[in-house]
Amino acid sequence: MPALQDSIDAIRIAAAAADRMKTTDIVAFDVTEPLAITDAMLIASASNERQVLAVAEEIEKDLYLKAGKRQPRSREGLTEGQWVLLDYGDFVIHVMHQESREYYRLERLWKDCPSIDLQLEHAEGEQEPTASSEA
């Protein structure tokens with residue numbers, strides 16, 4: 001359980017960085033049980049290719065500075081701008097263009113995983129209809 005908590009703490013740092021960069025949606029999932037590939041997964045969607053790359057860069061910088069000099073063991077998609085995948089081993093971060101087909105395909109894969117409360121400080125502003133408007 002401590003490893004999962006470390007992942008969640010790092011995911012919260014990444015989510016705060018994505019939030020600061022004005023991403024359109026930020027969701028994190030505990031994927032230890034259903035997917036068994038990593039502890040946690042963060043998905044942040046951006047409105048254009050430039051923002052995708054800027055968000056990924058900000059997340060990577062914050063995880064290095066604020067989470068014990070963490071660096072991804074692999075990076076993918078940095079040249080295209082449609083999506084970026086940062087694999088930190090115990091957690092994975094996807095930053096995607098909100099219009100990308102890949103985003104919706106992967107969203108279906110994650111929909112049954114329990115979501116993680118990110119506890120963002122300034123979560124006001126745009127409320128996504130899929131987030132918690134049903135409550």
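Residues are called buried under 20% relative accessible area, exposed over 50%, and partly exposed in between (1.4 Å probe, protein chains only). The model is predicted; local features need pLDDT of at least 70, side-chain atom pairs count only at pLDDT 80 or more, and totals for chains, interfaces and linings use all residues. Residues are numbered from 1 along each chain as its sequence is written, and side-chain values use heavy atoms, with hydrogens and water left out.

Both Y88 and F91 are buried.

Helices (H or I, at least four residues) and strands (E, at least two) are DSSP runs, numbered from the N terminus. Two strands pair if DSSP finds at least two bridges between them. An open sheet is built from 5 strands in the order β1-β2-β5-β4-β3, with mixed pairing. The edges are β1 and β3 (74–76); each has a single partner strand, so one side of each lacks a neighbour in the sheet. On average, neighbouring strands are turned by 10 degrees against each other, direction ignored. Axes here are lines fitted to C-alpha atoms, for helices over the stretch in contact, and angles run from 0 to 180 degrees between N-to-C directions.

Strand β1 (residues 25–30) is largely enclosed by the rest of the structure, because 5 of its 6 residues are buried. β1 pairs with β2 (residues 40–46) in the antiparallel sense over 6 bridges. D25 stands opposite S45 in β2. S74 has D87 of β4 as its bridge partner.

Contact means heavy atoms within 4.5 Å. Helix α2 packs on the sheet and touches β2, β3, β4 and β5; its direction makes about 155 degrees with that of β5.

A nonpolar core is a set of buried Ala, Val, Leu, Ile, Met, Phe, Trp, Tyr and Cys residues joined through side-chain atoms within 4.5 Å. The largest has 28 residues; I11, L42, I59, L63, F91 and I93 have the most contacts inside it. Helix α1 gives the most to this core, with 8 residues. L42 touches residues including I11, I26, I59, I93 and L118, not counting residues up to four places away in sequence. A second, separate core of 9 residues includes F29, M41, V92 and C113.
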